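Visitor: I'd like to go through the disulfides of this one with you. Can you put the structure up first?

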Amino acid sequence: MALVVVCLTMLQVAGPPAAHAAGNQGIVGTGTISPGIPTNGSTVSSAYTFNGTAAGLFGSVAGTCTINFNGSGTDSTAMGSGAGNFSCNGSGITVSCNASYSRVGMTLTLSGNCSGTVSGLAQWLCQTIWTSVPATSFGMICDTLNI
C-alpha cells in the first residue's frame, strides 16, 4: 500500500500543467470494481465505487470535500465507459453531478452536469493505478479541466 501512496503522490504533483496552473481542485482517492476486470482482455459489466478527497477552488469557493462516485460501465483492461453519481460534500461546499466516464488505458475522463456550490458542466482528467490483480481495486488522482 505504501507504494501506491507514493505513486499517487508523484502523479498528483506531475499532473497536467494547465490544470494545475488554473488553480482548480485536484482529487485523490481509492476505489473498487465489482466484479474485477479480467487480465485476459475480455470486457465485463462493472460496478464502481470511488472515495476520495478534493481540495482547491470550486468556482470561486476555496475548500476541501469528500468525494463519492457510484457507477457502472463496460470495461476491459484497455478501455471502458459508463455513468454514475458524483458528489462532493465539505465545509461550505456541496456539489452533486450526474457524471459519465471514459477510460483509455490508465487515463480516465470524468464529466457531468453539476449543481450546488458550483453548477454547470464539470470535467476532470484522471490517472488510475490498478492496486490488485485481477483489477478489483485502484488508486486515482484527478485534475480539473473545467468547473
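Visitor: Let's start with Cys97 and Cys114: what is the S to S distance in their disulfide?

Guide: First, a caution: this is a predicted model, where local features need pLDDT of at least 70, side-chain atom pairs count only at pLDDT 80 or more, and totals for chains, interfaces and linings use all residues. Residues are numbered from 1 along each chain as its sequence is written, and side-chain values use heavy atoms, with hydrogens and water left out. A disulfide here is a pair of cysteine sulfur atoms within 2.5 Å. Cys97 and Cys114 are joined by one, with an S to S distance of 1.9 Å.

Visitor: Which strands does that pair tie together?

Guide: Strands (E) are DSSP runs of at least two residues, numbered from the N terminus. The two cysteines are 17 residues apart in sequence, and the parts they tie together are strand E5 (residues 93-104), with Cys97, and strand E6 (residues 107-116), with Cys114.

Visitor: Is the Cys97 to Cys114 disulfide right-handed or left-handed?

Guide: Look at the torsion about the S-S bond, which is about 100° for Cys97 and Cys114. That value makes the disulfide right-handed.

Visitor: And is Cys114 buried or exposed?

Guide: Buried means under 20% relative accessible area, exposed over 50%, and partly exposed in between (1.4 Å probe, protein chains only). Cys114 comes in at 8% relative accessibility, so Cys114 counts as buried.

Visitor: How far is Ala122 from Cys97 in space?

Guide: Ala122 sits in strand E7 (residues 120-130) and, at 0% relative accessibility, counts as buried. In sequence, Ala122 and Cys97 are 25 residues apart, while C-alpha to C-alpha the spatial distance is 8.3 Å.

Visitor: Which cysteine does Cys126 pair with?

Guide: The sulfur atoms of this disulfide are 2.1 Å apart, and the torsion about the S-S bond is about 105°, so the link is right-handed. Both cysteines are buried. The partner of Cys126 is Cys142.

Visitor: What is the torsion about the S-S bond of Cys65 and Cys88?

Guide: The sulfur atoms of Cys65 and Cys88 are joined at 1.4 Å. Cys65 counts as buried at 4% relative accessibility, and so does Cys88 at 2%. Their link is left-handed, with a torsion of -45°.

Visitor: What pattern do the disulfides of the chain follow?

Guide: The structure holds three disulfides. Counting bonded cysteines along the chain, the pattern is 1-2, 3-4, 5-6.

Definitions and conventions: Helices (H or I, at least four residues) and strands (E, at least two) are DSSP runs, numbered from the N terminus.
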